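Please keep the viewer open as you read.

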Amino acid sequence: MAIVRRRPALAWAVLVLTLGLTAATVAAWSVARPPLDTVQLYVLVDVLDGAVYGAAAWVVLRRASHAAGWIFVAAGVGGAVSGFSRTWGLLAAGMPGLWTHRLLTDAWSWAWIPGLFGLLILLPWLLPPRRPTAGVRAVLACGVAFIGIVTVVVATDPWIARAGGAVPQGLRLAVFGWSEPVLVLLGLAAAAGVFLRRHRAPATEQGGLGWLACATVLLSLAFLPLAVAPAASGVAPPLLMLASQALFPAAVFAVVLRLRLWRVDIAVRRTMLWLLMTTLVVAGYAGSVALVGATGAPTPQILATAAVAIAFSPVRQWAQRRVDRLVYGERTADLIRTVSDGLHGAAEPGRQLRDVAEGIAASMRLVGCVVTVDGAAVGVLVTGLAGEPMSVPLARDGRTIGELVAWPPAGERLDGRSAATLAGLAPVVAALVDLTRLDRELTRSRARVAQARDSERRKLRRDLHDGLGPALSGMGFALAGARNLLRADLDRPAVAAADRLLAGLGDEAARYAGQVRDLARDLVPPVLDTDGLLPALQELSHRYAAAGLTVRVDAEAVPLPEDAVVAIYAVVTEAVRNVHRHSGADACTVAVHRQSECVEVSVLDQGNGFGTRARAGVGMQSMRERAEGLGGVLTVDGRAGGTAVRLTIPVRRP
């Protein structure tokens, strides 16, 4: 389990600092009341960065000490300091007695650079968290060097100019002239990297990467006017930055939530809902006022305000559902449907239990979810790093029959909502575990019955072959001897009649001895025990060929369990016997093929069939019992035009 270091004290310090500077900036701006020009739009961007990314840093650092959290710290603190620096300088210009310092009044020109540049050219390469490749490390190193050079040059330029120093003009001109074009190119390269990772990642790891790539492209385009024509850029860059800063944090947290990083569910849920509702309400009110404001009459503006107020509640419910779906994954109804699909999707209870565990893991975005049955684990097993597991006991009738264990992603933990969901599913899973255990016990019981029956058949074969068969043959020899004694006096009528009677009895004894040998051979032929299924079926084909029935054998010489071999031979023997006695056909085909987890057997003929009203006899019932004893399925289709007997037996049974 991965150990994640948290920094709650630093998180609270960043939150207090950014919110405090943001509040101070708003207060100073309300006192200075500067005109709303391009400079003030940049101040608005800084204030928004300080509030949004300060809160984002607080959320992340309370959960994990990841590089994304430090970039949020730089963006939040840098934006708050830059906005406060600019506004305080304007306030100090109108109030000569107000305290000020050059370090404070100059901070607006450079304090925002590390954080904003880091968001654009570093953060997209760091999400989702993973071990960076050599190429990614090289890109990150170039980005850090670029940010450091730009920050140092811009921060020291006013001080060097006042001191009359001599910084190499080539370096200064290169930084001031090429920083924005290079920044745009690096930002677009970061967006392309996100798109490429999304294309290559499996479906479970693609969540939110598309939004992150689009937000990175939008933020890069915000610097494009400054890169192309700085003098004529006007208000386009700050307006694009405002738009991108409304999308970029949401896109980042979409990745965090979809991939269940750092378990920031509740905090992000409330933050995203507040940001989304604030944006929708402000945009709706501003748009309505802009549309009706040209009339100059107060009534349309009042109606627009009323419309926004009326729409607030349903819009909030709509936003709440979508934020909850993003944060918590599928809704309860969807989770119930997933479990229901797992119950109906497979006939075997063991397979149903595995499908249900996989559905729970997918719905709750877990890296592992297993159910223990008799000490065996069924479900999605953990193959990599995972967070602290949560175990829920499964009980039936006051007894513990298993356990449901769920693993969150590495560095995360399951919250109260997840625990309540697992506890609510526990009775359903417990019932399925009980059903699985009963099914396994029934399968084992059927296997024991089949084995006992096969043992009895072998014993009966030995008794018939070694006892009754030789006895009948001996009786035939004795009757033949009696006839030899009577041959001396065959002229007498009584003696001739006795001779004929003894001859008939001898023939009957020989015929019944042959039938006993055939019956013993059909029970469990010796060749089946010594050579296997295929030679036994070929011997069966030769035996029926002498009786006028052609039996074509299409079988593979594959290793099979002993009980499966005996059951297949018994079913084939009974089916071929029915073909010979009842179908009227002169040929049939026996096919035996091994699939991945089962054996498929078929006996097909082109005879009369038996229709739909025919009643199953002892032979048919015996075949069905053979199939059920091994957990298989037997189907018999006897419609006109032939009969098809098909048997499917699972080879790997629980």
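Which residues do ring pairs link into a cluster? The cluster consists of Trp112, Phe117, Phe146 and Phe223. Here, rings of Phe, Tyr and Trp (for Trp, the six-membered ring) pair if their centres lie within 6.5 Å; planes under 30 degrees apart count as stacked, over 60 as edge-to-face and the rest as tilted.

Before going further, a word on the ground rules. This is a predicted model, in which local features need pLDDT of at least 70 and side-chain atom pairs count only at pLDDT 80 or more, while totals for chains, interfaces and linings use all residues. Residues are numbered from 1 along each chain as its sequence is written, and side-chain values use heavy atoms, with hydrogens and water left out.

Now for the overall picture. The protein has 21 helices and nine strands; helices (H or I, at least four residues) and strands (E, at least two) are DSSP runs, numbered from the N terminus. Of its 654 residues, 43% are buried, where buried means under 20% relative accessible area, exposed over 50% and partly exposed in between, using a 1.4 Å probe and protein chains only. Among contacts with a separation of 6 or more, 70% are between residues 24 or more positions apart; a contact means heavy atoms within 4.5 Å.

Back to the rings. Searching the whole structure gives six aromatic pairs. In one of them, Trp12 and Trp58 have ring centres 5.3 Å apart and planes at 70 degrees, so the pair is edge-to-face. This pair joins distant parts of the chain, with Trp12 in helix α1 and Trp58 in helix α2, 46 residues apart. Trp12 counts as partly exposed because its relative accessibility is 43%, whereas Trp58, at 16%, counts as buried. Phe117 and Phe223 also pair edge-to-face, because their centres are 6.1 Å apart and their planes lie at 85 degrees. Phe117 belongs to helix α5 (residues 113-121) and Phe223 to the loop between α9 (209-222) and α10, 106 residues apart. Phe117 is buried at 4% relative accessible area, and Phe223 is buried at 2%.

Those two phenylalanines return in the largest nonpolar core, which has 52 residues; Phe72, Phe117, Leu119, Leu123, Phe223 and Phe248 have the most contacts inside it. Helix α2 (residues 38-61) gives the most to this core, with eight residues. A nonpolar core is a set of buried Ala, Val, Leu, Ile, Met, Phe, Trp, Tyr and Cys residues joined through side-chain atoms within 4.5 Å. Leaving aside residues up to four places away in sequence, Leu123 touches Ala68, Ile71, Phe72, Gly118, Phe248 and Val252. Apart from this core lies another, of 35 residues, including Val527, Leu549, Val551 and Val592.

Helix α1 (residues 8-32) also holds Thr18, which counts as buried at 0% relative accessibility. Beyond residues up to four places away in sequence, Thr18 touches Gly50, Gly54, Gly76, Val77 and Ala80.

Finally, the surface. The protein exposes about 33500 Å², with carbon and sulfur atoms supplying 63% of it. On that surface, Leu188, Leu221, Leu224 and Val228 form a nonpolar patch with about 320 Å² of accessible area together. Val228 sits in helix α10 (residues 224-228) and counts as exposed, at 64% relative accessibility. Accessible areas come from the Shrake-Rupley method with a 1.4 Å probe; for residues, only the protein chains shown count as cover.

Definitions and conventions: Patches are made of residues with over 30% relative accessible area and no salt bridge: like charges are joined within 9 Å, nonpolar side chains (Val, Leu, Ile, Met, Phe, Trp, Tyr) within 5 Å. A salt bridge is a side-chain nitrogen of Lys or Arg within 4 Å of a carboxyl oxygen of Asp or Glu.
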